[in-house]
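Please consider the sequence and model shown below.

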Amino acid sequence: MLMAMPSSSFSRQSHTFLKPHAIFPLFLLFLCPVVAFSGSENEVGIKYDLFPQILKEEAVSRLYELGKVSDADNYLERTFQSPASVRAGNRIRSWMEDAGLRTWIDQMGNVHGRVEGINPSGKALLIGSHLDTVIDAGYFDGALGIITAISALKVLKTTGRLEKLSKPVEVIAFSDEEGVRFQSTFLGSAAIAGTLPVTTLHIHDKGGVTVQSALRKNSLDITEENLLKLKYDQESVSDYIEVHIEQGPVLENLGLPLGLVKGIAGQTRLKVTVRGTQGHAGTVPMAMRQDPMVASAELIVLLENLCKQPEYYLSYDDECPTSTVKSLAGSLVCTVGEISTWPSASNVIPGQVKFTVDIRAMDDTGREAIIYEFSNRMHQLCDKRNVFCVIERKHDANAVVCDPELSSQLKSAAHTAFTRITGETTDDDVPVLMSGAGHDAMAMSRLTKVGMLFVRCRGGISHSPEEHVLDDDVWAAGMAIVAFLETLL
């Protein structure tokens with residue numbers, strides 16, 4: 001949901017944010033001597049190096065290299081503690097070391113790279129995103145935030161300023177955000193934030209392997225006791241920032257490479273199980289069937305209608321005021337993404353159907369109202385069809401509002417990146433958006449204040465091989481982090 005739309009003509013090109021008349025000054029830029037790095041002209045009009053070799057060429061190359069690290073031959077799949085995940089983590093670690101960072105891998109598989117700066121005891125700035133992917137993924141989701149952060153710090157190393165940072169800066173490549181393998185999101189960042197229940201270690205994947213066993217297979221000896229020790233002390237952290245692809249079409253429609261994230265929608269994942277009577281497809285009369293498949297289909301349509309028109313289904317009272325229902329109209333989305341049946345044969349009436357439900361909204365009260373209403377109507381429908389239904393909550397995350405002061409600094413950094421790369425001063429504002437997708441910043445908000453920048457992606461497509469970010473937009477993202485880090489010098 002777009003919260004603020006600038007009335008601007010800045011960088012309206014959908015394929016690049018560099019205006020044609022900006023190309024000539026950029027060509028001259030690389031012929032000029034480099035005096036210092038500030039991204040603007042000095043007193044005699046000399047322009048400074050924009051480090052395209054690091055922030056664009058090398059960063060893009062690394063994104064594509066990481067995108068080839070997969071457990072599947074013909075598509076990208078990299079789930080928690082899989083062989084490809086371990087290889088990706090080791091590669092990221094080597095890039096962190098190349099940027100001058102001290103590195104380690106913790107017992108949840110998170111990859112850390114840190115520089116202490118001039119005040120090692122100061123509160124640290126954390127920058128992160130995730131190294132895992134969905135199945136049949138694109139190359140930029142998660143990886144973009146890791147690579148651009150490393151590249152920005154490499155720029156500081158190249159210019160001899162890395163050790164001059166006023167406080168520690170730590171990049172973290174979180175081991176799991178997507179939750180594909182164990183159906184439990186934020187395994188990596190929640191461990192750092194101290195919100196991951198110790199019981200999570202005993203959750204198992206479809207093959208019966210537990211989280212603890214998966215980690216131990218890769219020589220990470222995790223126990224309930226040392227899981228708790230992974231939590232960062234709140235007094236040791238100043239803030240957390242994350243760069244991520246938008247996963248939506250707003251920035252592309254505006255013709256702008258970067259946007260500021262105002263907040264992240266809360267989300268709930270449910271698993272619905274519907275049990276009926278298994279039988280022969282040819283011998284059980286229609287009127288006598290207790291068919292969980294048909295009941296599930298009706299429940300899914302009910303969910304769609306509920307989420308499209310919440311005002312029609314929800315009643316207004318003190319717990320669900322008019323303002324809450326109205327807020328849902330702008331941010332509520334509901335998805336059934338997975339269905340399984342048993343015994344799953346064409347000539348058998350199923351005995352059981354399971355399906356997942358994903359519900360997201362910026363208003364936590366409204367999201368709870370939707371869950372409550374769906375649950376009530378589900379049981380009514382199941383009673384009517386004489387089938388048994390149960391609903392389980394598998395994941396909950398409250399909506400997160402990004403820190404205003406940190407957001408202001410990120411907004412300024414994004415604006416600086418525009419100005420440096422185009423060589424022009426502009427009054428155009430950085431657009432402000434809400435995120436419907438969950439990010440590691442949600443988990444990290446339980447530890448410290450958070451801020452996020454979005455990066456334009458082609459067609460708003462994500463979680464797909466068609467996911468794509470322009471090389472120049474990767475450059476802009478890296479430059480924005482450089483500008484943000486320069487405030488710590």
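**Enclosed and open spaces**

In this predicted model, the structure holds one cavity of 30 Å³ or more. A cavity is, on a 1 Å grid over the protein atoms alone, a set of points where a 1.4 Å probe fits but cannot get out; a pocket is an open set with protein on both sides within 12 Å along at least five of seven lines, and lining residues have an atom within 4 Å of a point. Grid points are joined across faces, edges and corners, and a volume is the space filled by probe spheres set on the points.

The largest cavity contains about 30 Å³ of space. Among its lining residues are Ile241, Leu410 and Phe484. Two or more lining residues come from each of β6 (237–245) and α15 (471–486); helices (H or I, at least four residues) and strands (E, at least two) are DSSP runs, numbered from the N terminus.

The second largest pocket has a volume of about 400 Å³. Of the 21 residues that line this pocket, Phe186, Thr195, His395, Asp396 and Arg446 lie nearest its centre. Strand β14 gives the most to the lining, with four residues.

Proline 52 is found in helix α2 (residues 52–67). This proline is buried, with a relative accessible area of 6%, where buried means under 20% (1.4 Å probe, protein chains only). Proline 52 and aspartate 472 are 420 residues apart in sequence and 9.1 Å apart in space, C-alpha to C-alpha.

Residues are numbered from 1 along each chain as its sequence is written. Local features need pLDDT of at least 70, side-chain atom pairs count only at pLDDT 80 or more, and totals for chains, interfaces and linings use all residues, while side-chain values use heavy atoms, with hydrogens and water left out.

Methods. Buried means under 20% relative accessible area, exposed over 50%, partly exposed in between (1.4 Å probe, protein chains only).
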